[in-house]
Amino acid sequence: MSQHVVIKQDVSPGGSQFVTVRIGPQLFGLPIEAVQEVFVPDHITHVPLCIPQIEGVLNLRGRIVTMVNMRRLLGLPDGGGASMAVGIEHKGESYGLIIDSMGEVMMLDNASREANPTNLDPQWAGLATGVHRLPSELLLVLDVELALARLTTDRAA
Amino acid sequence: MDDLLREFLTETNESLDVADVELVKFEQDPNNAQILNNIFRLVHTMKGTCGFIGLSRLASLAHAAETLMDQFRQGIPVTTEAVGLVLITVDRIKEILVEIEASEGSEPPGSDEDLISQLDALSAAPAAAIAAPPLVPADPVAAPVAAPVKSVMNGAAAPVSEPKQGVAAVMQQLERALKPGEVSMEELERVFRETAVEVPAARAKLAELDNAKAVATVGAATAPTPAAGSLPAVREAPHAADPEAKSARVEDHALSVSNQSIRVNVTLLEHLMTMVSELVLTRNQLLEIARRDESSDFKVALQRLSNVTGELQGAIMRTRMQPIGNAWQKLPRIVRDLAQELGKHIELEQIGAETELDRQVLEQIKDPLTHMVRNSADHGLETTEERRRAGKPDKGTIRLSAYHQGGHVIVEISDDGKGLDVARIRAKAQENGLATAAELAKMPDSQVFRFIFAAGFSTAAKITNVSGRGVGMDVVRSNIEVIGGAVDVTSRPGAGCTFTIKIPLTLAIVPALIVEAMGERFALPQSSVVELVRVQPNSFHQVKRLKDAPVLCLREKLLPIVPLAQLLGIADDGKEQKFDDALIVVLQVGNQLFGVVVDAVSHTEEIVVKPMASVLRQLPMVSGSTILGDGRVIMIVDPVGLAKVAASPDETLGSDLHNTAAAATAAQGQTTPLLLIRAGSDDLKAVPLSLVTRLEELEATKLEHVNGHPVIQYRGALIPIVYVNEKVKRAINGTQPMLIFSDEGKTMGLVVDEIVDVVDAHLDMQLSSDAENLLGAAIIDGQAAEILDVGHYIDQAFGSWFKRLSGTRDKSGGKLLVVDDSAFYRNLIEPVLKGNGFEVTACGSAREALDRLGGETRFDIIVSDVEMPGMDGFQFAQAVRGDPQIRNVPIIALASEGAYDLVERGRAAGFTDYIAKSDRAGLIAALKEFTGAIHGEAA
């Protein structure tokens, strides 16, 4: 998996587009090609006895989407209020990542991406593949595959 | 992997499976040229194809096998050894195929010289056998068939390579004049050669060639058979002799077969199925909308859409159907190998192989079926010796049959062997603690047989490498139950046994009952639902508690019941469990019957099962999800998962039940469930039900004596037996009811004459008794009943337990709060204290006690255990002393005898007094002293 990350950083020249989302206080960037759609999660059905990181499932136009509570996945406290969800495909299954809010789509230069700082919480470092310095704040690049793989390892733990 | 190779692999694997089956048939029936030709054709086609796509290793193996088979056709005797060798070759080819598939097209390195040389040796050795009479005389009908077909193939694929010695050899067999309408062999030969030449020999046309051969075989077989008196066959012959008609038929046949079926990728079918499921869901949604909108115009169109969708769904479902024979394909080979290994003669009959069922289900039952057939061959059928002695034919039969029944497929596996050994199963069941001897004695045989499905249960006298290791039938059962099926067994001694498997046709769409728990809806597969029961305060069925565990008395059965919300972990912890007005869904999983309590039952619906995302797949209670008509996703509850918990509650569940039960008792006030019995006289006697661990039957013959005291072996331990009094019948044979009491490893049995009933009654002691074994008497349902002092009996059984309570009853009791983590102690002391006029509230933990103290009830005195998990007695006492509201309530400490060092510590912590736990008299005295003081002050 780490190899895969290295390739992403080194090989692709030019810029990448990111969908920016806010989870708790932090701004994250999701590679635009990973994002299928953005929707407002409604009527989530709780799944009994599952791990807390999974909020439940919902019916999105006939597909059953597994909803992931990103705050819990990142170890952040639950936040109240309205939320949004980012729909992604992972190994042929549909997932929805519940986030606090959506930002704009940004074009960022690959060359300006910096490695994760060494003192970043290991829980986060395992999901982020680098940092972009924006004028006002820092943007963590979120690797969707790694985030979803985390669900499986958490379940095993 | 290119398409050609993929197709080759699929086709060859299929051919090999067929070859396996055919070879086994051939071995038993070496004169059947039809079978031999089938095999030969398969191997030959494979050889050709392998050569064509450059798989030289396979080609040479196939060639060697083909040569040997050709020798069979020339009349060399068919031996088990030779067939075995061909089977081994088939296995080798399969292995190579697997590797080719894995490596995407290249043959693995390696040599098959060993096999080839053996095959060659066999083919070469009996060259003289053509002249010599074969072991089994060649059938004059069968043999000629072989020859023309072979030459047809030669004509097409390798026109000049093979000499036609076969024809010559065979021709001599027809030693009679042709009858009218028959054609000579030469004529047929000529016809077939001409026919075959018209078929292009390219590899792509090999399939057609197959068809041509198939027809040719039919033609040839029918031609020389008029001796058997088959009229249609006679009429058939002239047609076959006409070259034009023949070739036309070949083309027709080729056309129709290739046009009627196509190969479709399974993934595509799965996708279609998913799309249809979506369509069904959308239709359901539309119907839901239409229901709400009375005046809508689109109702007619919607109705039409609904019908079409239904038909489409049915059609797509059918594409997923496969004949069950596919799951049986490997069995003849397995049985054949087993028969060799075990030295038995076994025939495998297959009936209803064309019965269709969903391929997903088919996959699931393959292994269980194989296992059961192996079992039948190994344990079911006797050895040839035994069969002869029993006057049965040498050859044992295993019969596999399948047929539809309702929405299910029934598969039966029966053998004509010795049947199950009931006595052994009974003995084993008892040995394994699955049932007591008394229970077993009452059980009909049919029920006893079912023990073979219990885990780790094997009655095989000796362990063979085939079966008998005690794993198996339980796995078979669970595999079948996973797909919502059931398995049962019947047996007749000496006549064999029959396993019956009932499986659903499909898993994709199931009828389900939609229920509600804690405001959420869930789907329960209808196949597991037995009935719905509503329990109300005055209804016929009631929920009772047996040692805190809620049970439903349903007709003659006693079912454990569990709230669905609790099983699913969504129960509101703070809420008390009450079952006075409950809706119970009775579920059956295998032999387990249990009830789940739901809040509401809404309706039944055909639901489309959607698999869970991979991260949610291992959940214990949920097997999938579905979308309801209103668009909401709901979970499909897995009855097998429920059964695992409901039928054997684990620690946490047990304790949960415990606490809530204790709370419920407190809420109900002073009624106590009592078990009414008769012992020694007609008078009713009662025991608090909460003290009884179990009700058992004492088998007189099991009674032993140790040191003059009666004991029995109970669940692997010796337990003392006590009779309620001298007048209780001492049965010499048969059984007698017995109450089991147990606490912390101490278990005893109390023998009574009769168990009468369970009642909820106010335990209002009317009389204090002087008799040692009685607490007193009470009026229960208008009848006087003596309350047995369980403590006395335990004392009697174990010598040193609770001392007899002495002292007189005092009406002026106070409100007591008893804190003890042992439910048994609470249950023991509660009736005693109540009997002495106190109002008792019992708590299982210090936390709970503090909650109660914080509540509205004011307690006069607290009795607390010292050693408790979590907050112990000292901390509890400190907490009480720290609370200004209750700091003055006296607290009596209960501790193990002799722990006097604790006394000082206890006083420091705030305990008022200290009583040994076993000193009941002392406790009562102290309580009276304190309450007396309180009442005195108050007065």
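Tutor: In this predicted model, buried residues account for 31% of the 157 residues in chain A. Among the contacts in chain A between residues at least 6 apart in sequence, 55% join residues that are at least 24 apart. Four helices and ten strands make up the elements of chain A, and, read from the N terminus, they follow the order α-β-β-β-β-β-α-β-β-β-α-β-β-α.

Turning to the side that chain A presents to its partner, 19 residues of chain A are in contact with 23 residues of chain B. The elements of chain A that give two or more residues to this side are strand E4 (54-60), strand E5 (63-69) and helix H4 (144-156), and the largest share, four residues, comes from E4(A). By residue class, the side of chain A that touches chain B divides into nine nonpolar, seven polar and three charged residues.

Helix H3 (residues 56-73) of chain B packs with helix H4 (residues 80-102) of chain B at an angle of about 165 degrees, their axes being 10 Å apart. Because angles over 145 degrees count as roughly antiparallel, H3(B) is roughly antiparallel to H4(B), and the crossing of the two helices H3(B) and H4(B) is left-handed. On the H3(B) side the contact is made by B:Arg57, B:Leu58, B:Leu61, B:Ala62, B:Ala65 and B:Leu68, while H4(B) supplies B:Ala82, B:Val86, B:Thr89, B:Arg92, B:Ile93 and B:Ile96. The residues of this contact of H3(B) with H4(B) divide into nine nonpolar, one polar and two charged.

The sheet of chain B is an open one, in which five strands are arranged in the order E16-E8-E9-E18-E17 with mixed pairing. Its edge strands, each of which pairs on one side only, are strand E16 (600-608) and strand E17 (622-627) of chain B, and from one strand to the next the twist averages 35 degrees. Strands of a sheet pair through backbone hydrogen bonds, in either a parallel or an antiparallel sense. For E17(B) and strand E18 (residues 633-637) of chain B, the sense is antiparallel and the pairing extends over five bridges; within it, B:Ile627 has B:Val633 of E18(B) as its bridge partner.

Definitions and conventions: Residues are numbered from 1 along each chain as its sequence is written. Chains are lettered from A and ligands numbered from 1 in the order in which they are written. This is a predicted model: local features need pLDDT of at least 70, side-chain atom pairs count only at pLDDT 80 or more; totals for chains, interfaces and linings use all residues. Two residues are in contact if their C-beta atoms, placed from the backbone, lie within 7 Å. Ala, Val, Leu, Ile, Met, Phe, Trp, Tyr, Cys and Pro count as nonpolar, Asp, Glu, Lys and Arg as charged, and the others, Gly among them, as polar. A residue is buried if 20 or more other C-beta atoms lie within 10 Å of its own, exposed if 12 or fewer, and partly exposed in between; C-beta atoms are placed from the backbone. Two strands pair if DSSP finds at least two bridges between them. Axes are lines fitted to C-alpha atoms, for helices over the stretch in contact, and angles run from 0 to 180 degrees between N-to-C directions. Angles under 35 degrees count as roughly parallel, over 145 as roughly antiparallel, 65 to 115 as roughly perpendicular and the rest as oblique. A crossing is left-handed if the near helix is turned anticlockwise from the far one by less than a right angle, and right-handed if clockwise.
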